[in-house]
Amino acid sequence: MKTISDLAAALIAAHAGGPKLDAPPEALVPVDLDAVYALQDEILAQIGPVGGWKIAAGLGDPPLCSPIPANRYFAAADLIDGKHHRIFLAEIEIAVRLGADLAAGATTEAVEAAIASVHPAIELVGNPFTDRDAMPRNLQLGDLQSNGAVVVGAALDRSIIAGLHTLPVALELDGKPVHAVDKGASWTETLSAIAWLSGHAAARGLPLKMGQVIITGARALAPLDGAKMIEGVVGDWGRVTCGV
C-alpha cells in the first residue's frame with residue numbers, strides 16, 4: 001500500500017467483506033481535516049456517486065461531516081448482510097431528504113425550503129480494521145466516519161421539527177430496549193449545519209443535490225453484540241427497522 005488511492009481501495013474492499021486492514025503506513029494516515037476529507041473524496045471517486053451526507057448538527061464549529069455513497073442507502077424493508085459489511089454498531093438518527101438542489105452559501109431559509117421530508121434513520125457503523133481501537137481517529141474519520149450503511153424509514157409528520165431538541169429516541173435490539181435519549185440537535189441547529197454543508201460540499205466538488213438524504217448525528221446508539229433486528233423508536237412519531 002503506497003498511495004491514498006491504495007488505502008481507499010483497501011477500505012472499500014474491507015467494508016465489502018474483503019481482508020481487514022492492519023495499520024497503514026504512517027505517511028498515509030491523515031494528519032489533519034484537509035487530509036481526512038481528501039481520503040473521503042478518494043473513496044467516493046472509487047465507489048460511485050454520493051447518495052447523501054452525515055453531519056454532526058449542533059456539535060463543533062464547523063461540524064464534522066462525510067459524504068455517503070448512494071449504494072450504502074437502504075429502505076427499511078431491506079435485509080442487510082451485517083457480517084459481510086462488518087457492521088458492529090447501530091445509531092438512531094434524524095434524517096432529511098432534499099427536494100431541491102442547494103447551492104453553496106445557502107441560507108437557513110433556503111435549506112428549510114429545500115427539505116422535502118424528515119425521516120427516522122439507522123446508521124450502521126462498520127469496522128474495516130483488524131484492531132479498530134488502535135487506529136488513529138483521523139483514519140476512522142477518513143473512512144467516511146466508519147459508515148457502513150444507512151437505513152431510511154418512512155417520512156414523519158413535519159410538525160416533529162418543533163421538538164427535535166427534546167425528542168425521545170430509543171434503540172431496540174432483538175426487541176429489547178438498549179439505549180434511550182431525549183435530547184439532540186434542534187431544528188435550528190440542523191438547518192445551520194446543512195447551510196454550512198452547502199458550501200463545504202460544493203467546495204469539494206460534491207454539491208448537495210435533490211434526492212440526497214442527510215443524517216444529522218447519532219442520538220441513541222449501541223453495539224449490536226450479535227443482535228439481528230434493529231429498531232429505532234422516535235417517540236410517538238414513528239419507527240424505523242432493519243435486519244442484519
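This is a predicted model: local features need pLDDT of at least 70, side-chain atom pairs count only at pLDDT 80 or more; totals for chains, interfaces and linings use all residues.
Local features need pLDDT of at least 70, side-chain atom pairs count only at pLDDT 80 or more, and totals for chains, interfaces and linings use all residues. Residues are numbered from 1 along each chain as its sequence is written, and side-chain values use heavy atoms, with hydrogens and water left out.

- Strand 1 spans residues 50-55; strands are DSSP runs (E, at least two residues), numbered from the N terminus.
- Six of its six residues are buried (under 20% relative accessible area, 1.4 Å probe, protein chains only).
- Strand 1 pairs with strand 2 (residues 65-69) in the antiparallel sense, over five bridges; pairing requires at least two DSSP bridges between the strands.
- Lys54 stands opposite Ser66 of strand 2.
- Strand 9 (residues 213-215) pairs with strand 1 in the parallel sense, over three bridges.
- Trp53 has Ile214 in strand 9 as its bridge partner.

**Asn147**
- Asn147 lies in strand 6 (residues 147-152).
- Beyond neighbours within four places in sequence, its contacts (heavy atoms within 4.5 Å) include His15, Ile68, Arg72 and Glu123.

- An open sheet has the strand order 8-7-11-12, with antiparallel pairing.
- Strand 8 (176-181) and strand 12 (238-243) are at the edges; each has a single partner strand, so one side of each lacks a neighbour in the sheet.
- Strand 11 (residues 229-234) pairs with strand 12 over six bridges, in the antiparallel sense.
- Ile230 has Cys242 in strand 12 as its bridge partner.

Note on methods:
Buried means under 20% relative accessible area, exposed over 50%, partly exposed in between (1.4 Å probe, protein chains only). Helices (H or I, at least four residues) and strands (E, at least two) are DSSP runs, numbered from the N terminus.
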